Amino acid sequence: MSPAAPGLLASVTDLHEMELARAGGADIVDLKQPAFGALGAWSTQALTAAVMLWSAWGEQLGAAGRPALSATVGDQPMVPGLIRAAAERVAGTGVPLVKVGLFVSPHANECIEALAPLASRVRLIGVLFADEAPDFAVLAALGRAGFAGVMIDTADKKAGSLTAHLDPLTLGQFVAEARRHGLMTGLAGSLRLEDIPALVGVGADYLGFRGALCEGGRTGTLDPVRLGQVHARLREPSDH
Ligand SMILES: O=C[C@H](O)COP(=O)(O)O
């Protein structure tokens, strides 16, 4: 893989898909229930079981040989107490990377501040939504609050892929600005195989997928063949 190639984040709905994602070379296995929304969450019990499986991978493969593990907290309203409680629930299961949706709202900064105390216990990833015309000024607030990273995804999965909302130049500005604030970066949002070459050149750390990996769309089942195609396309040499 060229040093510039982004890692692969694969969203999964159960322990079986977790195993498929690991076997298929995902760099981040992302626990998400797409049927419950853009950032639909797993139950506490299922998250606990996933953390046990991830720990077992660590024993078999060593910490460096297993993928990272993230989980989403659900599509929460931008209310500081609610968003904090949702993130606490997921962090309490031992998932090391917690993805929190930051919908466009006058209360976004208060929500980010409410999450700051968790940043010493868990690696927080803020998720912005391309189809809501996000303000990248929020990146400075994420950096100040100790977030580990930021992703751009799409909220409305029927409204086209990420590239229908933001062009590669704008995404490049997002990546550069996020890095300036010490944030790891990811891009997602109904990405298809054909979106990959242009996005590889943007320079994000990860590209995230669900729908493109599945038989029957994002609420269907993870298909190892589709996963293999995405994995291979990410690693194709790029002329960027
Ligand atoms: O975090 C990545 C997402 O799960 C992407 O899902 P999607 O490809 O169905 O938009």
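The axes of helix 1 (residues 15–23) and helix 2 (residues 44–61) cross at roughly 30° and come within 10 Å, where axes are lines fitted to C-alpha atoms, for helices over the stretch in contact, and angles run from 0 to 180 degrees between N-to-C directions. Helix 1 is therefore roughly parallel to helix 2; angles under 35 degrees count as roughly parallel, over 145 as roughly antiparallel, 65 to 115 as roughly perpendicular and the rest as oblique. The model is a predicted one, in which local features need pLDDT of at least 70 and side-chain atom pairs count only at pLDDT 80 or more, whereas totals for chains, interfaces and linings use all residues. Residues are numbered from 1 along each chain as its sequence is written. Helices (H or I, at least four residues) and strands (E, at least two) are DSSP runs, numbered from the N terminus.

The crossing of helices 1 and 2 is right-handed, the near helix being turned clockwise from the far one by less than a right angle (anticlockwise for left-handed). On helix 1, Leu15, Met18 and Arg22 meet Ala49, Ala50, Leu53 and Trp57 of helix 2, contact requiring C-beta atoms, placed from the backbone, to lie within 7 Å. This contact comprises six nonpolar residues, no polar and one charged. Here Ala, Val, Leu, Ile, Met, Phe, Trp, Tyr, Cys and Pro count as nonpolar, Asp, Glu, Lys and Arg as charged, and the others, Gly among them, as polar.

Helix 3 (residues 80–91) packs against helix 4 (residues 108–115) at an angle of about 40°, with the axes 9 Å apart. These two helices are therefore oblique to each other, and their crossing is right-handed. Pro80, Ile83, Arg84 and Ala87 in helix 3 meet Glu110, Cys111, Ala114 and Leu115 in helix 4. Six nonpolar, no polar and two charged residues make up this contact.

Eight strands form a closed barrel in the order 1-2-3-4-5-6-7-8, with parallel pairing; two strands pair if DSSP finds at least two bridges between them. Neighbouring strands of this sheet are turned by 25° against each other on average, direction ignored. Strand 4 (residues 97–101) runs parallel to strand 5 (residues 123–129) and is joined to it by five bridges. Gly101 has Val127 of strand 5 as its bridge partner.

The ligand is surrounded by 16 residues, of which the closest are Ser11, Ala188, Gly208, Arg210 and Gly211; a residue is near a molecule or strand if its C-beta atom, placed from the backbone, lies within 6 Å of it. At least two residues of this shell come from each of strand 1 (7–12) and strand 8 (206–209). By class, the shell contains five nonpolar, five polar and six charged residues.

Methods: Contact = placed C-beta atoms within 7 Å.
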